[in-house]
Amino acid sequence: MTSPNVCSDIAVLKEIHELTGRISDQRIQTILRSVIDAVALNPQPLPPRAHELLQAVVNALNPQPLPLAR
């Protein structure tokens with residue numbers, strides 16, 4: 001059975017993999033996807049720091065508009 005952390009990690013990795021398509025440099029796309037695929041092949045939960053780092057990559061590749069100032 002897969003733990004909830006592993007499922008969460010897989011979802012983040014999948015999201016990053018999809019977002020790499022927005023990078024115009026093919027070499028960078030290939031490197032990022034290779035690293036993501038290698039991490040995804042190991043079904044161990046990622047250490048908290050690695051998870052935070054990967055989440056930061058998602059956030060950087062998929063910026064959201066800032067909320068309106070009040």
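Predicted model: local features only at pLDDT ≥ 70, side-chain atom pairs only at ≥ 80, totals over all residues.
Local features require pLDDT of at least 70 and side-chain atom pairs count only at pLDDT 80 or more, while totals for chains, interfaces and linings use all residues. Residues are numbered from 1 along each chain as its sequence is written, and side-chain values use heavy atoms, with hydrogens and water left out.

The protein chain contains three helices and zero strands, arranged α-α-α from the N terminus on; helices (H or I, at least four residues) and strands (E, at least two) are DSSP runs, numbered from the N terminus. Helix 2, residues 26-41, comprises 16 residues and spans 22 Å between its first and last C-alpha, close to the 22 Å expected at 1.5 Å a residue (1.5 Å times one less than the number of residues). At the start of helix 2, a side-chain oxygen of Asp25 comes to within 2.8 Å of the backbone nitrogen of Arg27.

The largest nonpolar core consists of nine residues: Val12, Leu13, Ile16, Leu19, Ile23, Ile36, Leu54, Val58 and Leu61. Such a core is a set of buried Ala, Val, Leu, Ile, Met, Phe, Trp, Tyr and Cys residues joined through side-chain atoms within 4.5 Å, where buried means under 20% relative accessible area (1.4 Å probe, protein chains only). Helix 1 (4-19) and helix 3 (48-61) each supply at least two residues of this core, and helix 1 gives the most, with four. Val12 is in contact (heavy atoms within 4.5 Å) with His51, Leu54, Gln55 and Val58, residues up to four places away in sequence not being counted.

Of the 70 residues of the protein chain, 19% are buried.

Terms used. Buried < 20%, exposed > 50% of the residue type's maximum accessible area, 1.4 Å probe, protein only. Polar contact = N/O pair within 3.5 Å; in protein donor to acceptor, adjacent residues only side chain to side chain.
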